[in-house]
Amino acid sequence: MASTGYEAARRLEGGEHKGGRMSKEAQQGHGHTHGRTAHNMSSSSLRKKSDLSLVSKVRCRFLRALLANLQEIFLGTKLFVLFPAVPLAVAASYFNFGRAWLFALSLLGLAPLAERVSFLTEQIAYYTGPTVGGLLNATCGNATELIIALFALREGKIEVVKCSLVGSVLSNLLLVLGTSLFFGGLANLHKEQFYDRKQADVNTGLLLLGALCHILLLMFGYAMNSGEHAAVDTVRRLALSRACSVVMLLAYVAYLFFQLKTHRQLFESKEGDEDHDDGVSEDEPVIGFPCAVAWLVGMTTVIAALSEYVVGTIEAASDSWGISVSFISIILLPIVGNAAEHAGAIIFAFKNKLDITLGVSLGSATQISMFVVPLSVLVAWIMGIEMDLDLKLLETGSLIMAILVIAFTLQDGTAHYLKGLVPLLCYIAIAACFYVYRSPNQTNKGAVITAA
């Protein structure tokens, strides 16, 4: 009955009319034909069945279709309880509530919006086919981080950009994967846990390439550190950063070609189709193509508005809570902003579907490191902002050690709870480090406030 309700809602939205007809590539079969990746599967674990029985009683056809669409968008996720944070954040901005409240509400509102963007890109992939759908996922999979980075760049907050992106990589590698392997190992204590190493090897190789580019900038800064040539060194550092950014983007393009064309079978979630515990059918789209595109544009616009609030109030939240901006950027922003896919990864680890869990955590980390970071450098170049790839010693060291810990953890293709506990403890140690850390600028600012 639920699938019948979905189909009726889709017909009412125009999904079977000429404007919403699926492509031949998408019609050839279901499940794998639209290229469902681990990222999509992770988000789908947080979706829930919508009861359309009340909506079906509405007599007006247009109103019935509209209500079915709204119910699917706003109530089709287990994170729907966080949606009220979005209008509350707008109200907090309009009525000039405390800026710390505005920051907190905006951050909470980003969590369900990020999950809905993933849902909408998957819906569009049903109509466009696996290649276009994969490209959409490759660009929109971490839309929240990218939009926050762009707004922070516009405000000239380069350190916030760097810290938030490094934090996203650390969160995906250590917190998400560590928590997933730990609880998945405990839940499957008497079962053998295996995963395909091939995808993990590809992602860790790309992550090491990105880490190399950051190390080069760090070492270059120490090698050329001379006061009399500081201006020349800055120009050379920017030139090297932009060259490395181009290299990283070329590697990411090659990765997309590898993922979407030549070795697609390594990245498709073969296990996911067997899982229908929540009763949500993934065999057909539940909203029409025009509606999916319109909602995707609308959700992205709202994410942009909340991201602007987050960037504009991060210092106020830091002062109000007594926490450094670096801790908020590296720890809090990634945890809340990626809550949806993080929860999904843990859910599939409980079900002993580690390939999906690894695809989510490593895939997102690779996308941030090899796409969002270099893109931010090049966009800053276009905007006339001097942003480089130098993450400073503490951030670079944490990133390198995180990648190495994960590379050694995943080297034998088996998992147990201790393999999850070690990365999780590493993340706690790094979080503690950044909690007590204050940048020189923040330290000076605190001294001035104390003196006053």
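Asp412 is partly exposed, with a relative accessible area of 43%; buried denotes under 20% relative accessible area, exposed over 50%, and partly exposed the range in between (1.4 Å probe, protein chains only). Asp412 forms a salt bridge with Lys419, the closest N and O atoms being 2.4 Å apart, where a salt bridge is a side-chain nitrogen of Lys or Arg within 4 Å of a carboxyl oxygen of Asp or Glu. Lys419, at 13% relative accessibility, counts as buried.

The model is predicted, so that local features need pLDDT of at least 70 and side-chain atom pairs count only at pLDDT 80 or more, while totals for chains, interfaces and linings use all residues. Residues are numbered from 1 along each chain as its sequence is written, and side-chain values use heavy atoms, with hydrogens and water left out.

The mean pLDDT (the predictor's confidence in each residue, from 0 to 100) is 79 for the chain, and 76% of the residues score at least 70. In residues 1-35 the pLDDT is below 50, and this stretch has 75 contacts in the model beyond near neighbours in sequence; contact means heavy atoms within 4.5 Å. Residues 443-452 also have a pLDDT below 50, with two contacts beyond near neighbours in sequence. Where pLDDT is low, the predicted coordinates should not be read in detail.

The secondary structure comprises 18 helices and two strands, taken as DSSP runs numbered from the N terminus (helices: H or I, at least four residues; strands: E, at least two). Of the 452 residues in the chain, 54% are buried. Of the contacts between residues at least 6 apart in sequence, 85% join residues at least 24 apart. Because 24 of its 30 residues are buried, α6 is largely enclosed by the rest of the structure.

By the rule above, the count of salt bridges is seven. The side chains of Glu115 and Arg116 form one of these, at 2.8 Å from N to O, and Glu115 and Arg116 are buried. A further salt bridge joins Glu308 and Arg154 at 2.7 Å, N to O. Glu308 lies in α12 (residues 289-321) and Arg154 in α8 (residues 143-154), so this pair ties together parts 154 residues apart in sequence. Glu308 is partly exposed at 37% relative accessibility, as is Arg154 at 48%. Arg154, Glu155 and Glu308 are linked in a network of salt bridges.

Leu410 is placed in the loop between α16 and β2 (414-415) and is buried, with a relative accessible area of 2%. Leu410 touches Leu177, Tyr195, Arg197, Ala200, Leu358 and Leu362, residues up to four places away in sequence not being counted.

Two non-glycine residues with positive phi were examined. Asn352, in the loop between α14 (339-350) and α15 (354-382), has a phi of about 60 degrees. Lys392, in helix α16 (residues 392-409), has a phi near 75 degrees and is partly exposed, with a relative accessible area of 41%. Most residues other than glycine have a negative phi.
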